[in-house]
Amino acid sequence: MNSLTAYPVSRICGEYLPPGDKSISHRLTMLGALAQGTSHFTHFLNADDCLGTMKAFQAMGVRFRLNEQDENERPSLTVDGVGLQGLKPPSYELDLGNSGTTMRLLLGILAGQPFEAHLTGDNSLKKRPMRRVTEPLKKMGARITGRDNGNFAPLTIQGGPLTGISWENQIASAQVKSAVLLAGLYADGETSVLEPVVSRDHTERLLAAFGAPVKRIGARVVVERANQLQAIRIRVPGDLSSAAFFIVAALLVPQSDLLIRGVGLNPTRIGMIDVLKSMGANLEVKVTEEQGGEPLGEIRVRTSRLRGCKVTRDLVPSLIDELPILMIACALADGESVIQGAEELRVKETDRIHSMVTGLYAIGARVKEVSDGCVMEGVRELKGGTVSSFEDHRTAMSFLIAGFRSKEGVRVSGAGCIQTSYPGFTRDLNLLSGGTLPV
Ligand code: S3P
């Protein structure tokens, strides 16, 4: 499935259950491995990224049972936790593929282990900045080496006794916050993290669900050394970042009416919903339940005429992974849209400002790249053409949705990377759109 082409469809209708949340699936795999007892997670995301996390812990002696399809035809994961002190030194280099979340959070855990580990990844991961996590972890007592003084993988980490720190994040990053908090489980005294804007708080919520001593004091998250974590059973909320492609598709394709069920509605993740509403999107959102301290519920989406929006720095952390697909919505909205304060997009799986602006321009959008985002003037219809995924899963999926509102269709080359986060993407899209993308 290296290249895929999407053409206009007549509607997006029906009920849609998005796959399990990627951020939560990573964290459950890690915390389940460190817990006492057997954890069970239904609706687990069995995409390449999360399978990479599982394999890294397998290499450290943790036993998992991945059931590709449970009775509801969704994957589930069972983990026999080894306890906080039970990991074994890996006997080979851990290859974490494309996943920044795995590398950064794992560094936090490894900082507290009495052994050495070697971490690497694919060409994209080797270019992503790690100093943001290696710096606080070194301050806590870990020894980390790698290119550019520990900024780039391959990295070697020698963990050991840690001391708690009070860390002020310069950027709003859940991965940095999580790495420091996970190391804090092993550190003497208190470890706390303060961020300029609150980033996704799954680690805090799940640590509490596993029984760890974590609390929020004002804007600061504080964790203490943990004696043990207790195994849990939960259903993973659907991934709002995956659902975002279907939300924008249903807004843009005429005569659409889509009901999304079981989707995560964590308040630190829903910036996209607020922005789309400000653009005139017809969205009905309802929280229906909670799993592991995470709210989830339903979103009903109907075709809407959208107007331009302004995304400012304070909003960026709550919709960081949705910005690529939001740019597609902006490209087809009435009037001007401005996205600013989003320079973090430049250090994702690819430089997503560049990948999106390049592709948008190629298919007939009116867009201008700026250092921290872009400016767009909406058009009624995109011309279409060929774009590159830049080997980035969210860029690939965004442009397939753009194909639904193009004259000639949009061909995405390098679409295999969609497996990183959403193996069933084309199957789900076909089911709801009547389309015929290869599955
Ligand atoms: C994630 C945090 C975000 C996000 C990434 C997943 C997480 O990254 O973009 O896809 O699971 O903690 P940053 O922490 O770098 O902002």
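Okay, so before anything else: what we're looking at is a predicted model.

Let's start with the layout. The protein chain splits into two domains. Domain 1 takes residues 3–19 plus 238–433, and domain 2 covers 22–223. If you take the centres over C-alpha atoms, they sit 28 Å apart.

Now, the interface. On the domain 1 side, 28 residues make contact, and they meet 26 residues of domain 2.

What about charges and polar pairs? Between the two domains we get three salt bridges, and there are 14 residue pairs in polar contact across the interface, both partners at pLDDT 80 or more. Which elements of domain 1 face domain 2? Strand 19 (294–302) and helix 12 (393–403) are among them, each supplying at least two residues of that side. By class, the domain 1 side has 10 nonpolar, nine polar and nine charged residues.

Zooming out to salt bridges in the whole structure, the search gives 32. One I'd like to show you is glutamate 349 with arginine 128, at 3.9 Å, N to O. Those two are 221 residues apart, so to speak of where they sit: glutamate 349 is in the loop between strand 21 (336–339) and helix 11 (352–362), and arginine 128 is in the loop between strand 7 (116–120) and helix 4 (131–140).

Next, aromatics. The whole structure has five aromatic pairs. Take phenylalanine 245 and phenylalanine 425: the ring centres are 6.0 Å apart and the planes are at 80°, so we call this pair edge-to-face. Phenylalanine 245 belongs to helix 8 (residues 240–252) and phenylalanine 425 to helix 13 (residues 425–433), so the pair ties together parts 180 residues apart in sequence.

As a reminder, most residues other than glycine have a negative phi, and most peptide bonds are trans. Where do we find a cis bond? Going from alanine 153 to proline 154, with omega near 0°. Proline 154 itself is in strand 9 (residues 152–158). And then there's histidine 43, not a glycine, yet with a positive phi of about 60°. You'll find histidine 43 in the loop between strand 3 (36–42) and helix 2 (48–58).

That's it from me, thanks.

Terms used:
Residues numbered from 1 in each chain as written. Predicted model: local features only at pLDDT ≥ 70, side-chain atom pairs only at ≥ 80, totals over all residues. Heavy atoms only, no water. Domains from an automatic or database assignment. Contact = heavy atoms within 4.5 Å. Salt bridge = Lys/Arg side-chain N within 4 Å of Asp/Glu carboxyl O. Polar contact = N/O pair within 3.5 Å; in protein donor to acceptor, adjacent residues only side chain to side chain. Helix = DSSP H or I, 4+ residues; strand = E, 2+ residues; numbered from the N terminus. Nonpolar A, V, L, I, M, F, W, Y, C, P; charged D, E, K, R; others polar. Phe/Tyr/Trp six-rings, centres within 6.5 Å; stacked < 30°, edge-to-face > 60°.
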